[in-house]
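Student: I would like to learn how to read a few features of a model like this one. Could we go through them in turn?

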Amino acid sequence: MDSWKLNQIEEHVERLRSANQPIPRLLAGLLAQARRREQKRTAKRVANRKSASTSRARKKAFVDEMTRANARLRRQATILALLPDMVVVMNPDGEITFASDQVERVLHHDKNDMVGANFHSLLVP
């Protein structure tokens with residue numbers, strides 16, 4: 001009886017009731033234990049589904065935000081590339097993070113070589 005599933009125990013109890021037989025205390029305990037186990041299993045499934053749903057929603061929101069950010073950055077890069085003036089962007093340490101196409105025309109340096117280089121080392125030979 002210990003290995004019986006909930007529905008098997010419930011069927012056995014129902015047969016005893018229909019035959020007007022008393023339900024043994026051990027069987028009633030097994031039935032209560034099987035019901036608690038099934039409730040716990042069901043609650044865990046519900047929590048897992050809710051967690052997975054929340055995770056999918058968070059992931060979708062993150063992907064949507066990244067898509068919007070990438071579109072915004074592409075648009076800004078296109079605008080910067082089309083400007084007739086030279087544009088050089090650097091971080092506080094002086095490392096160049098962006099150089100427009102006009103850098104090659106004005107400074108006679110390859111723009112790909114400038115990105116990642118230190119601005120001060122380029123100015124002072």
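**Reading charge pairs, packing and cores**

Tutor: Begin with Glu38, which counts as partly exposed at 27% relative accessibility. Keep in mind throughout that the model is predicted.

Student: With which residue does the side chain of Glu38 meet in a salt bridge?

Tutor: The general idea comes before the case. Side chains of opposite charge can pair when their charged atoms come close. Here the partner of Glu38 is Arg41, with 3.1 Å from N to O. Both residues belong to helix α2 and are three residues apart, about one turn of the helix. Arg41 is partly exposed too, its relative accessible area being 40%.

Student: How many salt bridges does the structure hold?

Tutor: There are five. One of them joins the side chains of Glu10 and Arg35, at 3.3 Å from N to O. Glu10 is partly exposed at 33% relative accessibility, and Arg35 is partly exposed at 40%.

Student: Which residue forms a salt bridge with Lys111?

Tutor: Asp101 does, and the closest N and O atoms of the two are 2.8 Å apart. This pair links distant parts of the chain, ten residues apart: Lys111 is in helix α4 (residues 111-114), while Asp101 is in the loop between β2 and α3. Lys111 has a relative accessible area of 23% and is partly exposed; Asp101, at 38%, is partly exposed.

Student: Ser100 is found in the loop between β2 (96-99) and α3 (102-107). Is Ser100 buried or exposed?

Tutor: Buried means under 20% relative accessible area. Ser100 has 1%, so it is buried. Leaving aside residues up to four places away in sequence, Ser100 touches Leu80, Asp85, Met86, Val87 and Lys111.

Student: At what angle do α1 and α2 pack?

Tutor: Two packed helices are described by the angle between their axes and the distance between the axes. For α1 and α2 the angle is about 145°, and the axes are 9 Å apart. The crossing of α1 past α2 is left-handed.

Student: Which residues in α1 meet α2?

Tutor: On the α1 side they are Leu6, Ile9, Glu10, His12, Val13 and Leu16; on the α2 side, Leu27, Leu30, Leu31, Ala34, Arg35 and Glu38. By kind, the residues of this contact divide into eight nonpolar, one polar and three charged.

Student: Which residues make up the largest nonpolar core?

Tutor: A nonpolar core is a set of buried residues joined through side-chain atoms. The largest one here has eight residues: Leu6, Ile9, Val13, Leu16, Leu27, Leu30, Leu31 and Ala34. Each of α1 and α2 supplies at least two residues of this core. Take Ile9 as one member: apart from residues up to four places away in sequence, Ile9 touches Trp4, Leu27, Leu30, Leu31 and Ala34. Another core lies apart from the largest one; this other core has five residues, among them Ile96, Ala99, Met114 and Phe119.

Methods. Residues numbered from 1 in each chain as written. Predicted model: local features only at pLDDT ≥ 70, side-chain atom pairs only at ≥ 80, totals over all residues. Heavy atoms only, no water. Helix = DSSP H or I, 4+ residues; strand = E, 2+ residues; numbered from the N terminus. Buried < 20%, exposed > 50% of the residue type's maximum accessible area, 1.4 Å probe, protein only. Contact = heavy atoms within 4.5 Å. Salt bridge = Lys/Arg side-chain N within 4 Å of Asp/Glu carboxyl O. Axes fitted to C-alpha atoms, helices over the stretch in contact; angles between N-to-C directions. Left-handed = near helix turned anticlockwise from the far one by under 90°. Nonpolar A, V, L, I, M, F, W, Y, C, P; charged D, E, K, R; others polar. Core = buried A, V, L, I, M, F, W, Y, C linked by side-chain atoms within 4.5 Å.
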